[in-house]
Amino acid sequence: MIRLIDVYKEYDNGTKALKGVSLRIDDGEFVFLVGPSGSGKSTVIKLITAEIALTEGRIMVNGYNLNNISPRQVPYMRRTLGIIFQDFRLIEKKTVYENLSFAMRAVGATNREVRRRIPYVLKLVGLEQKADRYPGQLSGGEQQRVAIARALVNNPSMIIADEPTGNLDPQRSLEIMMLLERINELGTTVLVVTHEKNLVNRFDKRVVAIENGRIMSDGTGGYYNGEKI
Amino acid sequence: MARKFDAGYYLSEGVHSIFTHGFMSFAAVCMIVACLLIMGSFTLVAVNLDKNLGDLENENQLAVYIDESYTEEKARALEPQIAQVPNVADMTFETKETALENWKEKYSDVELMDDLPDDAFRDRYYVHMENIELIAQTKQDLENVPGVAKVVAAVEIAEGFVMVRNIATGVALVLVGILLIVSLFIIANTIKLATFYRREEIAIMKMCGATDGFIRWPFVVEGMALGLTGSLLAFFLQWGIYQLVAQNIVKSNGLSLMTMISYISMIDVILPVFCGVGVVIGVGGSLIAIRKFLQV
């Protein structure tokens with residue numbers, strides 16, 4: 001569960017990225033966070049993942065209070081999240097399997113746990129036949145599936161996808177979104193940050209629209225269809 | 001699920017990383033070798049200078065003249081009292097007759113000396129000190145021993161030696177310290193360059209929830225391995241260079257008076273010091289290098 005209460009964020013250069021954002025995402029939800037470039041979407045993600053500190057307000061992430069979280073606790077908080085990036089961020093020198101095992105070993109998993117978990121996750125994202133391939137040998141859509149598998153491999157309670165379809169064609173984007181929807185149906189909370197209007201409108205999900213550092217609307221259904229930001 | 005300390009994983013990741021980033025590892029080892037050779041060579045020069053200065057110091061002795069009224073037997077009986085004086089290392093007794101003979105032998109070409117009476121000289125002790133810096137105090141203490149008529153000591157020369165030695169030691173310590181710090185930063189920058197290629201891996205690990213310790217350990221292993229490899233290479237190279245220089249000094253006319261300490265006799269000091277310094281700059285460099293990338 002994520003809660004942002006009246007959150008303000010001002011960067012060192014004086015940019016006011018968030019101006020009183022309040023947001024609640026409950027366990028099991030699928031939420032789109034939409035808005036144009038510079039609206040504050042990425043700042044919300046960075047605050048949730050504790051990459052940056054907030055200026056004012058309160059943030060709770062999966063039971064961790066980020067207002068007074070110690071640096072030692074941050075890794076444990078991050079283990080409750082699975083993060084997916086627009087540019088996949090896979091390690092080119094490692095195979096698909098190694099990319100996943102790398103993420104598992106990073107949180108101290110044993111070899112046995114790695115061997116048991118990875119085939120299951122690869123099957124879930126439809127890449128069980130490509131475990132030995134290197135990222136460079138995969139299409140963009142497949143690479144993003146690997147990134148999703150990596151985000152899932154440590155069994156997080158929430159997936160955060162930051163522009164996951166930004167580098168993909170419409171068909172691959174739809175496939176990725178359907179995969180995320182399936183993951184959500186299996187019980188994982190999903191937060192997708194995007195500015196792709198058509199994609200958002202194809203899913204009947206909760207859409208939170210942010211612009212100029214403020215939440216402009218929060219509702220279910222194709223947000224871009226009905227109202228104008 | 002999480003294990004606290006996975007030594008096998010850290011070891012395999014650290015060693016694996018040395019080979020996957022072969023060129024940077026090679027560069028880091030070269031830097032460690034270069035730094036250790038510079039520091040080692042300078043230290044060895046300082047140690048040899050110190051030894052030669054020490055030898056010269058040891059030749060500096062006090063002449064303790066015994067009262068003329070003392071018979072040889074009484075003069076010899078003073079030995080325990082002189083030995084009890086603080087800072088006295090050892091002494092040799094010389095009778096006035098032997099002193100006269102030695103004098104005549106030394107100045108045989110001076111005719112005037114032929115007519116010297118047998119009692120022209122006094123019985124004396126030649127005293128070596130444990131610490132030449134205390135020469136003035138020792139001279140005074142010896143003068144206070146009953147039966148001692150006079151003590152002759154080259155205080156100025158001795159103090160001159162002490163000053164030269166102290167300056168040489170001070171300069172050596174400062175230079176080695178500076179070189180050590182410079183080496184640390186060179187290694188840190190070399191490893192930082194290597195780490196730069198891996199910042200993405202570190203960022204991914206951080207995002208997955210890896211602790212700083214977990215990320216740091218393979219780099220520590222890597223730094224330690226690079227440091228040890230560099231130390232051993234530097235140790236053997238230093239050996240070769242030292243032998244070459246020592247041989248040339250022995251052959252040279254101007255420097256043949258210098259005595260060189262053998263490298264083998266210093267191995268038990270040089271090897272641990274090289275390994276220790278290598279590991280410290282390897283591990284220290286790694287930690288400095290990844291510090292920036294851990295702040296995500």
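**Exercise 1. Describe how H3(A) and H4(A) pack, from the axes to the residues in contact.**

The axes of H3(A) and H4(A) cross at roughly 125 degrees and come within 10 Å. Axes here are lines fitted to C-alpha atoms, for helices over the stretch in contact, with angles from 0 to 180 degrees between N-to-C directions. Helices (H or I, at least four residues) and strands (E, at least two) are DSSP runs, numbered from the N terminus.

The model is predicted: local features need pLDDT of at least 70, side-chain atom pairs count only at pLDDT 80 or more, and totals for chains, interfaces and linings use all residues. Residues are numbered from 1 along each chain as its sequence is written, while chains are lettered from A and ligands numbered from 1 in the order in which they are written.

Step 1: class the angle. At roughly 125 degrees, H3(A) is therefore oblique to H4(A). The cut-offs: under 35 degrees is roughly parallel, over 145 roughly antiparallel, 65 to 115 roughly perpendicular, and the rest oblique.

Step 2: find the hand. H3(A) and H4(A) make a right-handed crossing. Right-handed means that the near helix is turned clockwise from the far one by less than a right angle; anticlockwise is left-handed.

Step 3: list the contacts (C-beta atoms, placed from the backbone, within 7 Å). H3(A) brings Tyr97(A), Leu100(A), Ser101(A), Met104(A) and Arg105(A); H4(A) brings Glu113(A), Val114(A), Arg117(A), Ile118(A) and Val121(A). By class, the contact of H3(A) with H4(A) has 6 nonpolar, 1 polar and 3 charged residues. Ala, Val, Leu, Ile, Met, Phe, Trp, Tyr, Cys and Pro count as nonpolar, Asp, Glu, Lys and Arg as charged, and the others, Gly among them, as polar.

**Exercise 2. Check the length of H4(A), then place its buried residues.**

Step 1: compare spans. H4(A) covers residues 111-124, so its 14 residues should span 20 Å at 1.5 Å a residue. The expected span is 1.5 Å times one less than the number of residues. The end C-alpha atoms of H4(A) are 20 Å apart, which agrees.

Step 2: find the buried side. Ile118(A), Val121(A) and Leu122(A) are buried. Buried means 20 or more other C-beta atoms within 10 Å of a residue's own; exposed means 12 or fewer, and partly exposed is in between. The buried residues of H4(A) pack against H3 (96-106) and H5 (140-152) of chain A.

Step 3: look past the helix. Gly126(A) follows H4(A), with a positive phi near 75 degrees.

**Exercise 3. Place Gln144(A) in the fold of chain A.**

Step 1: locate Gln144(A). Gln144(A) lies in H5 of chain A.

Step 2: count neighbours. Gln144(A) has 29 other C-beta atoms within 10 Å, so Gln144(A) is buried.

Step 3: trace its partners. Leaving aside neighbours within four places in sequence, Gln144(A) is in contact with Phe88(A), Pro164(A), Leu168(A) and Ile176(A). Asp87(A) is 57 residues away along the chain, yet the two C-alpha atoms are separated by 8.2 Å.

Step 4: widen to the chain. Chain A has 8 helices and 10 strands. Of its 229 residues, 43% are buried.

**Exercise 4. Describe the crossing of H1(B) and H9(B).**

Step 1: read the geometry. The axes of H1(B) (residues 7-20) and H9(B) (residues 212-251) come within 8 Å and cross at roughly 55 degrees. H1(B) is therefore oblique to H9(B).

Step 2: find the hand. H1(B) passes H9(B) in a right-handed crossing. By class, their contact has 9 nonpolar, 2 polar and 2 charged residues.

Definitions and conventions: Contact = placed C-beta atoms within 7 Å.
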